[in-house]
Amino acid sequence: MVEVSLTIGKLDASLALLLTKDHHLIEFPTILLPNGVKAGSIVKIRCDQDLKSEQEEEVHFQSIQDEILSTFATNLPKKPVLRV
Amino acid sequence: MVEVSLTIGKLDASLALLLTKDHHLIEFPTILLPNGVKAGSIVKIRCDQDLKSEQEEEVHFQSIQDEILSTFATNLPKKPVLRV
Amino acid sequence: MLPPSIASIPEAREDYPGSSLVERTARLLTIPDLGPGDLCNIHKYQLNSKKETEIGTFLYFTGVDTSNVASIAAHLQSLANLMTSKSQYWFGDKKHWKVPELSYCSYNAFSKVDMRVTVHIPGKLDVVVVNYDGKLIQDKLSSEELDRFWLETFVCGIVRAVLESDDDPDTNKVGGGLVEVRKINPFNNGIVSKELLNNFLQGFEELFFQGYKLGCTVDFPQPTLINNYLVDGFMKVIELTQTYDQALEILERLQKEEPSVISLIAQVLLLKQDEVEAVKVMNEGITQNKRDVNLLILQTEYVLEKKKPELALELAKQAVKSSPSDFKAWSILVKCYIRLGDFENALLTLNSCPMNSHREKYQLKRIVPLKNGSEDLHLPSPTDVTLDEVSNLQSNEISYEQRNLDAQLTNLPATNLKSTYAKAYDLLTDIVVKTGWEALLKYRAKVFVMEEEYRKDIRGSVSSANNGTTKEPLNGAENLTVAETTETVNEEDNSSTMAIKSPQKENFDDSTTVDIDAVTTEAVSFEDEFKRKRLCERWLDNLFMLLYEDLRVYTMWQAESLHFQAQQMEYKKTTLEWEILGSIAYRLKHFKEGSIAFSNALSGRFSPQSQREIMRYYVMERSKLLTKSSSGASNIHNYTKLMNQLNEKILDSIIKLLVWNHRWYSDFSPGLLLSLSDLVAWEGSIKIQSSVRALYSESTGVTSSDKDHIGNHGIIDMMDDL
Amino acid sequence: MLPPSIASIPEAREDYPGSSLVERTARLLTIPDLGPGDLCNIHKYQLNSKKETEIGTFLYFTGVDTSNVASIAAHLQSLANLMTSKSQYWFGDKKHWKVPELSYCSYNAFSKVDMRVTVHIPGKLDVVVVNYDGKLIQDKLSSEELDRFWLETFVCGIVRAVLESDDDPDTNKVGGGLVEVRKINPFNNGIVSKELLNNFLQGFEELFFQGYKLGCTVDFPQPTLINNYLVDGFMKVIELTQTYDQALEILERLQKEEPSVISLIAQVLLLKQDEVEAVKVMNEGITQNKRDVNLLILQTEYVLEKKKPELALELAKQAVKSSPSDFKAWSILVKCYIRLGDFENALLTLNSCPMNSHREKYQLKRIVPLKNGSEDLHLPSPTDVTLDEVSNLQSNEISYEQRNLDAQLTNLPATNLKSTYAKAYDLLTDIVVKTGWEALLKYRAKVFVMEEEYRKDIRGSVSSANNGTTKEPLNGAENLTVAETTETVNEEDNSSTMAIKSPQKENFDDSTTVDIDAVTTEAVSFEDEFKRKRLCERWLDNLFMLLYEDLRVYTMWQAESLHFQAQQMEYKKTTLEWEILGSIAYRLKHFKEGSIAFSNALSGRFSPQSQREIMRYYVMERSKLLTKSSSGASNIHNYTKLMNQLNEKILDSIIKLLVWNHRWYSDFSPGLLLSLSDLVAWEGSIKIQSSVRALYSESTGVTSSDKDHIGNHGIIDMMDDL
């Protein structure tokens, strides 16, 4: 896990500019910031990998692929005569 | 506190592109990502306000201001004769 | 292959003999991507005068076999023969030339060198290789290196020939554009072409891993092994020559080294109409690498075409996740949302599309400027193939129309959109044609922060007057590549979000005008809702303005036209004006109205653009008809009749455009060839051949029998050959 | 105030009488920010011919009092009197004009309207107000609104006059730039000027909250209440007229409504050299709002000047946090790091500077094109003030030098940098002058990802060949506003990180060339280190290329020059070439070498740019000398002598530049006036006056006694007045 403090440099309608101590500039959607912060506030961001979501997405995506394969590769619709 | 899942769309040398579910695109320094993630990984980001750091910075900044005031407004260095 | 005549060679006078080569050398450093067409420099003097009176001319070529010195030398020799065989009119005087020296330059974009062959007649043959900084490096090369350079040069040449678009705007021919160029079909010369094709395919395989050096289209942020002009050229050649199986063999070998080649295999299978196999290959590839953006996009397009937008959406999302800086991935995601009727997400994703203004569509460009403009151009009219209305179109007719153009129609900014901006606009009009303008504005107000809300938010903050709602780019500046007129709009950017009123029937029926202020104040403005909204990118805000302009002109035209109809008066416009109206209608996806405009345009005079556009309409109509018939809805007798009519009109368009291109020295039009071969697949070559004879035999009063011969027979030759 | 003569009015012929007004109207919609100079349109015909032979001319003005109709009418009347008073040479023929009609247009950038006064002689006076879309709206205005419009117009006019830079490149005068303009000093007309100044100050106070409508410099992403041209103009007027106390009164009233005005108060206090008070005010303001970026920047600059870079750094960091999209905040942070010798952080922060290419420095522009170029220009030579070498400089001399320019020196891309790119380059050269080129490359390799590392990293990933190390902009495209030549560099962008070899002594001493590959492979490349590095922005990468070019030319020049010296040969260059070399040296912060080049340039002929640049050098030398003396290191006798010499040279430069400007119809040069008043503060006005007489009395052979009178006396008048 990574944890870091950032200063909110600018807070626009939907976008904030965050600054790290070593002058990284990050454009960040305000929707991801906690309520009540304003320009000048400092926020702490913690970030870790979400293996569970990864697996869920994997399964979901595979099911899509299976559906496509079964729909179009076995149960072929009428072959179009023309390609334009 | 806000918590959100993002997909790593692209992982460049120092910059990653993260995507939210509703198609927000965030440029994010890789240094803030946990080790071992790669393009396609999902990360969870938690964000809350860091009031303690805010206070510390406040105090530090005030001390700078005090030093400036005492150095230049009371103990004035020789007045420069020329401005160019 | 139609034998070239002295009248099929345009020329430009150069400053002094050889100066075009000097100019070309000076510009080598700045050549991007694929580079310019091959340059041929010709020294000539009159039969009975002294060598001191020698002058120089030049022209560009595409489609010449540049795989080796001998083939270039032969090309130069035959050109010299043609020029010296008889006298010709030369800027008003009859002249009989001698040609003592010719040079041919072909740019090798792989190694960034210019390969040059000079033939002295009679006499020796020189070969030089010019480095990007103008140095001659042939002496430093081993013979293997030189062979490699020639292979690269040849492959580049074919890629340029097939990718160079044959749908330039008119102005290119009769305005100030590049016209001193002769385009040759490399693929319709029987056994020679077969060999050339094989050489190209072999060259492709050998150079595949260098392909990214040639650059890529605007769809991608950078060229990759899969997305580049070499691959694009290869696919175009495969399609033109229908050599699918050979292509598959090559790609399968390459795939062993580079797994991502699998998306090209799937593409070829789709071209070959082997859908089941294509679906399997796509599935297999994605299973191996679910972040292969090219495969994902291909699969999305396929599934969309099969009318499964829900499935397509999931794929498009995955494509964006896999390559968030590809315009193409985002644009197909937008398309999925549009198809699903989810216009809010369509706008949000459109707003996220990564724009790319520093690259343009590939096209041939002048590399040697004309010192005295068109006065330096020798532009003979080929007489072997003509069709009165097409071949005799005069530039003064067009420039008259241009000078007297309706001010409403000049400089409509959407006309000049380029690169990804043009594509984004296309997506925006896809939305508006489904929602209508008023609803579009409502959707916009719902997903983007509007000016008024924003002002409310920032009031009170220190020195924050006049912050726009459009997003300021963080780093580097943004720059729409649209014409000057757009900048006018740009400068008013800050107020644009408010400034747009409904263009609908503005001048005709005020009562229906919806007040936008009413719409925007509807928007709920409590903080959370506000945070959820996005800032509208500056370019997208600008596109809304352009859309408004287009809609305004379109609506006025339609209303006026109705008015004139009601009064039974003739609604008069010039061909150019009709053509502009047609283009607006097409941009707005009102194809039927557009086709009427183009047809009106063509009733005034021939115009290649209108002809191309109306042909597009016929082709669309044909596929609509087909869909209807396959769903069993229509009467078969009527169907055949309609189908025949459409095919006839398409054929007529193809022939006219081929004649037009031939008049301007181009005997290679990949797009038209594909349309023709499509038609042949429909009707059979014999039926087409007889239609052509029926429509354009001598009895119609034009000397077109020769033309039928190539317009039609040449293609059959080509297809027999390959 | 020097009385104007018929020879102090340049004119341009228009297409037909009044066409310049039509042109101006057509462009109103596209006018950005402050807008163009005032336009004066003159109808005229010859004394003895018919009115039908009337022609039209026009010219621009700045500095005219446009606060009301009467004052404009008086200006037009006196212009007409001047023109009709006697005959003059007009394109080679002697003509005596009658002037039946004159119009004057002044753009009101607050309300985006053009105010126009037309005088018929003899006869009536018309006033019209033209809307941005060309409509006449004067009838719709109440008299209060009209008064307000005139106030706005007047304030805009003064702001334009003082902000318009008087350091155009030479080409503006003798090349193709705007020259049909007469600039008048609004502040040296005794009691009238005093009133005008009061009106302006009052107008400023009244319009303060509208100031953002005038636009702002490239330093800021958007105009705000504090950062805009109205405030800039106000500060310039205050400085010119030294009306500090009046300014402070106004600002203190404004501060009650808008707290951020405090930064302007601090600025005025610094101008007034009341440092203690300024320090207190800054501290007070920042204590109230520690995110006031303007105050923070001001404080940083002050503290830096006082040589406390550690303190300055903390302030600059706070400035960036408070306004991360301001270029100025970032650039001062870079400066702090440079001053502290922390070059790694200097490069990192430079890389983060937000670029801004869609705005330029304010300058007057042609709004009416010249149909036949300079053939339409009537450019008389004023004879009242002349100095042979200055006034008689001929354009053909310069264009000869341009045609024969050393190819090495043409189109050095750094010359054409604009906007924030020019400022970023300035920071980069601040770094290189401290580190040297080799060390700079090492720092670069340490903080940015280098091409080779990057390639290593991406190898094996799917279709990722040729990803550059430079960052692709996410949205919208980036576009350096540098000249075409830069694009050449740009196209090779992907390889630029590798391509840079040391330019040091390249051609003279190969053995010292450092191999960059060796430098870069030193870089440790384990994952974490790699993640810590940044991608170098494309524009910064490009600036490194430009820096390399500049260094190469500079190094060659220095080496050649040494070589010639050793051989005791004369190193010959034209004035233009010396001037370019001098500029390169200045860009690279080698001021001494630059001053030598400019001095060589001036020994050939007069050149305003060289004169300005060498004056800059003298001023720098003077302040160095002062610093030395105040630290007590130097001998007082020698000090006085050196100081006198420098002041004499500065005075000489000011006078020559004033004469040059006067020859080109400009009697208002704010920059020179400030330099002169600086000199007067040093030497006292009497000493300056006598120096001028000594240097430029009739005995020197030029008729300059008149000129001394204004160059010197006019200023004193002005300062007495105010």
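Student: Where does D:Asp33 lie?

Tutor: In the loop between helix 1 (19-27) and strand 2 (38-46) of chain D. This is a predicted model, and local features are reported only at pLDDT of at least 70.

Student: Why is D:Asp33 called partly exposed?

Tutor: Its relative accessibility is 24%. Buried means under 20% and exposed means over 50%. The value for D:Asp33 falls in between, so the residue counts as partly exposed.

Student: What makes the phi of D:Asp33 worth a remark?

Tutor: Phi of D:Asp33 is near 45°, a positive value in a residue other than glycine. Most residues other than glycine have a negative phi.

Student: What is the omega from C:Ile121 to C:Pro122?

Tutor: Near -10°, and that bond is cis. C:Pro122 lies in the loop between strand 7 (113-120) and strand 8 (125-130) of chain C.

Student: How do you know that the span of helix 28 of chain D is close to the expected one?

Tutor: Helix 28 covers residues 670-683, which is 14 residues. The expected span is 1.5 Å times one less than the number of residues. That gives 20 Å for helix 28, and the reach from first C-alpha to last is 20 Å.

Student: Why is helix 28 of chain D described as largely enclosed?

Tutor: Ten of its 14 residues are buried, so the rest of the structure largely encloses helix 28 of chain D. Among the buried ones are D:Leu672, D:Leu673, D:Leu676 and D:Val680. The list also includes D:Asp678 and D:Glu683.

Student: What follows helix 28 of chain D?

Tutor: D:Gly684, with a positive phi near 85°.

Student: Is C:Asn294 buried or exposed?

Tutor: Its relative accessible area is 12%. The cut-off for buried is under 20%, so C:Asn294 is buried. C:Asn294 is found in helix 10 (residues 293-305) of chain C.

Student: What makes the pair C:Asn294 and C:Asn227 a polar contact?

Tutor: Their side chains come to 3.1 Å. The limit for a pair of N or O atoms is 3.5 Å, so the pair qualifies. C:Asn294 also touches C:Phe220, C:Ile226 and C:Ser263.

Student: How far apart are the C-alpha atoms of C:Leu82 and C:Ile6?

Tutor: They are separated by 5.8 Å, although the residues are 76 apart along the chain. C:Leu82 belongs to helix 2 (residues 69-85) of chain C. Beyond its sequence neighbours, C:Leu82 is in contact with residues including C:Pro4, C:Ile6 and C:Ile9.

Student: Why is the pair B:Arg46 and A:Asp48 called a salt bridge?

Tutor: The N to O distance is 3.3 Å. The rule asks for within 4 Å, so B:Arg46 and A:Asp48 form a salt bridge. The rule finds two salt bridges across the interface of chain B and chain A.

Student: What is the area buried between chain B and chain A?

Tutor: About 2900 Å², with carbon and sulfur atoms giving 61%. In chain B, B:Leu32, B:Ile42 and B:Arg46 lose the most area to chain A, together 22% of what that side buries.

Student: How many residues of each chain take part in the contact between chain B and chain A?

Tutor: 31 residues of chain B contact 30 residues of chain A. There are also 13 residue pairs in polar contact across this interface. Strand 4 of chain B supplies the largest share of the chain B side, eight residues.

Student: What is the pattern of chain A along the sequence?

Tutor: β-β-β-β-α. That is one helix and four strands. Of the 84 residues in chain A, 50% are buried.

Terms used. Residues numbered from 1 in each chain as written. Chains lettered and ligands numbered in written order. Predicted model: local features only at pLDDT ≥ 70, side-chain atom pairs only at ≥ 80, totals over all residues. Heavy atoms only, no water. Helix = DSSP H or I, 4+ residues; strand = E, 2+ residues; numbered from the N terminus. Buried < 20%, exposed > 50% of the residue type's maximum accessible area, 1.4 Å probe, protein only. Contact = heavy atoms within 4.5 Å. Buried area = accessible area lost by both parts, 1.4 Å probe. Salt bridge = Lys/Arg side-chain N within 4 Å of Asp/Glu carboxyl O. Polar contact = N/O pair within 3.5 Å; in protein donor to acceptor, adjacent residues only side chain to side chain. Lists of a residue's contacts leave out its neighbours within four places in sequence.
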